[in-house]
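Biologist: I would like a close look at one part of this model. Please take me through the aromatic rings, and then the sheet.

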Amino acid sequence: QVQLQESGPGLVKPSQTLSLTCTVSGGSITTNYYYWSWIRQPPGKGLEWMGAIYYSGSAYYSPSLKSRTSISRDTSKNQYTLQLRSVTPEDTAVYYCARVAHMGWTYDYWGQGTQVTVSS
């Protein structure tokens, strides 16, 4: 059973960088043909895909967030990390990490989500 757990600060000041880590257990982030994604849900809004890192290490980003987003990984710790730069209050959301199967873009495992609030 694959498990994902988000971690990071719950409060970030405007203009700073939001950094979150997803720790994966029960499966390797280098296993063939899976994307390891970040998704967020602002209050009262739908889910927004932010980006993903493929098992090969290639990273992909939402066009709307690409200029502010970086996703990296540490295979020795089986973790991957989201960095979102120059945050504003509009970046306040619940942030999720999730595994996505390449075939059919199927989300099969999710973290529980972590609330991040951007406020001074």
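Biologist: How many aromatic pairs does the count come to?

Modeller: Keep in mind that this model is predicted. The count comes to eleven aromatic pairs. Take Tyr 54 and Tyr 55 as an example. Their ring centres lie 4.6 Å apart, and their planes meet at 70 degrees. An angle over 60 counts as edge-to-face, so this pair is edge-to-face. Two values are used here. A pair of aromatic rings is described by the distance of the centres and the angle of the planes.

Now look at Tyr 54 on its own. Its relative accessibility is 11%. Buried means under 20%, so Tyr 54 counts as buried.

Next, step back to the cluster. Tyr 54 and Tyr 55 belong to one aromatic cluster. Its members also include Tyr 33, Tyr 35, Trp 49 and Tyr 60.

Over the ring of Tyr 34 sits the charged end of Arg 99, 3.6 Å from the ring centre.

Now the sheet. Four strands form an open sheet in the order β1-β3-β8-β7, and the pairing is antiparallel. β1 (3-7) and β7 (69-74) are the edge strands. Each has a single partner strand, so one side of each is left without a neighbour in the sheet. From one strand to the next, the twist averages 20 degrees.

β7 pairs with β8 (residues 79-84) over six bridges, in the antiparallel sense. Arg 73 has Tyr 80 in β8 as its bridge partner.

Definitions and conventions
Residues are numbered from 1 along each chain as its sequence is written. This is a predicted model: local features need pLDDT of at least 70, side-chain atom pairs count only at pLDDT 80 or more; totals for chains, interfaces and linings use all residues. Side-chain values use heavy atoms; hydrogens and water are left out. Rings of Phe, Tyr and Trp (its six-membered ring) pair if their centres lie within 6.5 Å; planes under 30 degrees apart count as stacked, over 60 as edge-to-face and the rest as tilted. Buried means under 20% relative accessible area, exposed over 50%, partly exposed in between (1.4 Å probe, protein chains only). A charge sits over a ring if NZ of Lys or CZ of Arg is within 6 Å of the ring centre and within 35 degrees of the ring normal. Two strands pair if DSSP finds at least two bridges between them. Helices (H or I, at least four residues) and strands (E, at least two) are DSSP runs, numbered from the N terminus. Axes are lines fitted to C-alpha atoms, for helices over the stretch in contact, and angles run from 0 to 180 degrees between N-to-C directions.
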